[in-house]
Amino acid sequence: MKMIEGHVAIEPPHGVPVWDVDPYDPEILADPDAYYAELRSKGPFVYIPRYSILACGRHQETQEVFSDWERFVSSRGVGLQDFKLETPWRPPSIILEVDPPAHSRTRKVMARVLSPKAANALREQFRAAADKLIDELLERGSFEAIAELAEVYPTDVFPQAMGLKKVNRRYLIDYGAMVFNALGPDNDLRRKAMAMGPQIVPWITEQCKRENLEQEGFGAEIYAAADAGEINEGEAGMLVRSLLSAGVDTTVTGIGSALWCLATNPQEYEKLKDNPKLLRPAFEEVLRFTSPVHSFCRTTDRDTQVSGVDIAAGTKILCVLGAANSDETRWPHAEKFDVDRRPTGHLAMGSGIHGCVGQNLARAEVGAVLAAIVQKVGKIELTAPARWRPNNAIHALDSMPLSFTPH
Amino acid sequence: MTKVTFVDADGNKTTLDARDGDNLMQAAIADGIDGIVGECCGAMMCATCHVYVEEPHLTTLPQRSEGEEEMLECTASERRKNSRLSCQIKIGPDIDGIVVHLPEEQ
Ligand code: HEM
Ligand code: FES
């Protein structure tokens, strides 16, 4: 059995084009649109020889593979490594990286803790924090929107909502980036991420313990599920870890990308100012248009077929969410950021049973920031080009100098 | 194809031929029905696909799952006895002619 990047090397399935591309090339990661388009144009699947994986980027197949958990499992890892054959760098997530029935048990707890109601209860608090931050930035006029806004806001409100007693902004952001870089091949990005492990992982693990969480907050509610016997104490710690892994860097990215969309599409921003009701669908359009999680894998656990293509058991399939979200056949004028679009059906938050369990919280956080901006800021402008920060699974900005002009 | 009817909060009716195998939320979105948002696209996380189902279909629909029960506690408009999540209603011959009312708010 020949292994490659931690999984079994496969033969290219009959009729599937072979494409010698590196989806993890830093240049592609920074500016993926041409790669997305070529991936879609080649067919429902391509075979990528250097990693011996299949990749899909058309909406239909990507949705099918990403949401059919029976044929395309998550328990063998959502990155390139196959957990059935190799030991992952950290104990697997007990929600993201498991299948039913194990998944159903932990998902139920998390869906309750992060319900729309729970997110709604935080709305005023989130809005107050957003008003304060936006007022400060308006006062200053120009600022670095990633370091001084996108990274600041979630690391302000999220630890509080979690009930973390200790906060280290840098560690919280970097841990997420690390977890996502770990999903890629053994490249520079992954090696650098792994090198940060010894410093960050012990700190994160410590914060997941019951005694390091306040009496109130998502952390305490997860431990309450342990007290009620739904999960055990160790599992509660693991679920807190999931929130620290997936809850910070993603939202930072969502805010940064939303600002980028508005700064580069001033006519769309005008529409939002005129009609704040569009804010909610506008964030969905930001998600569709920028796909903060650009790709995640699944592993076939049996021989199967998708759109007439035979796929062998044990195949890693890279589901390129960014490509699916810009598929012209699903989204007319996909290349246009359009706040009047109703982008329901985008895959930026996943689909099906693993669909983002933190989405209500993400929407509440980003929604509060956007509501504050629309109310206070007349004009959003880039003062220098934005730069993207390559990551093996996240498409995020690195820096974006912005200016805010009041109404 | 299956006939489904949406009645909005002002009483306006839209009847459409929905594709079997989809769910009711998807059919509404595909047809541009306002009043169904479907933000989580069926992951049962958002409760923005809330509908009130008329008889006789209310009784004949499969029972709510535990997840649907919990999510219906989070609806923006009041939960009633006939509240359902439209993303959990599969389209097929058994719901032909179904009539659902849309809430004021999602
Ligand atoms: C804009 C922000 C966010 C984006 C784009 C995003 C994206 C995603 C995606 C694509 C998935 C599906 C993964 C899969 O199917 O393999 C997912 C799952 C998940 N997300 Fe998010 N997410 C965001 C915010 C959050 C937040 C704020 C939290 C926590 C508070 C969170 C926690 C999770 C967890 C725990 C899962 C695993 C769910 C499961 O496997 O059942 N996410 N997210
Ligand atoms: S679409 Fe979100 S719960 Fe139905």
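This is a predicted model: local features need pLDDT of at least 70, side-chain atom pairs count only at pLDDT 80 or more; totals for chains, interfaces and linings use all residues.
Along the principal axes, the C-alpha atoms of chain A fill a box of roughly 60 × 50 × 35 Å. The radius of gyration of chain A is 21 Å, which agrees with the value near 22 Å that a compact globule of 407 residues would have.

Chain B has a secondary structure of three helices and five strands. Read from the N terminus, these elements follow the order β-β-α-β-α-α-β-β. With 106 residues, chain B has a radius of gyration of 12 Å, close to the 13 Å given by the globule rule, so chain B is as compact as a globular protein of that length. The box filled by its C-alpha atoms, again taken along the principal axes, is roughly 30 × 30 × 25 Å.

The two chains meet at an interface in which 21 residues of chain B are in contact with 20 residues of chain A. About 1600 Å² is buried between them, and carbon and sulfur atoms give 49% of that area. On the side of chain B, the residues that lose the most area to chain A are B:E39, B:M45 and B:C74, which together account for 40% of what that side buries.

Four salt bridges are found across the interface of chain B and chain A. In one salt bridge, the side chain of B:E39 meets that of A:R280, with 3.1 Å from N to O. Nine residue pairs are in polar contact between the chains. Helices α1 (24–30) and α3 (66–71) of chain B each supply at least two residues of the side that touches chain A, and the largest share, three residues, comes from α3(B). By type, the residues on that side of chain B divide into twelve nonpolar, four polar and five charged.

Attention now turns to the ligand. The iron atom of ligand 1 has a single donor from the protein, the SG atom of A:C356, at 2.3 Å. A:C356 sits in the loop of chain A between α16 (321–324) and α17 (359–376).

Over all chains, the structure holds 41 salt bridges. One of them joins A:D174 and A:R170, whose closest N and O atoms are 3.1 Å apart. These two residues, A:D174 and A:R170, are separated by about one helical turn because they lie four residues apart in helix α9 (residues 169–181) of chain A.

Most peptide bonds are trans, and most residues other than glycine have a negative phi. In chain A, a cis peptide bond with omega of about 5° joins A:P100 and A:P101, and A:P101 is placed in the loop between β5 (72–73) and α4 (102–113). In chain B, the bond from B:E55 to B:P56 is cis, with omega near 5°. B:P56 belongs to the loop between β3 (50–53) and α2 (57–60) of chain B. A:E5, a residue other than glycine, has a positive phi near 50° and lies in the loop between β1 (3–4) and β2 (7–8) of chain A.

Technical notes. Residues are numbered from 1 along each chain as its sequence is written. Chains are lettered from A and ligands numbered from 1 in the order in which they are written. Side-chain values use heavy atoms; hydrogens and water are left out. Contact means heavy atoms within 4.5 Å. Buried area is the accessible area (1.4 Å probe) that two parts lose on being put together, summed over both. A polar contact is a pair of N or O atoms within 3.5 Å; within protein, one must be able to donate a hydrogen and the other to accept it, and residues adjacent in sequence count only if both atoms are side-chain atoms. Ala, Val, Leu, Ile, Met, Phe, Trp, Tyr, Cys and Pro count as nonpolar, Asp, Glu, Lys and Arg as charged, and the others, Gly among them, as polar. Donors are N, O and S atoms within 2.8 Å of the metal (3.2 Å for Na, K and Ca); water is not among the atoms, so sites may look incomplete. The radius of gyration is taken over C-alpha atoms; the globule rule is 2.2 Å times the number of residues to the power 0.38.
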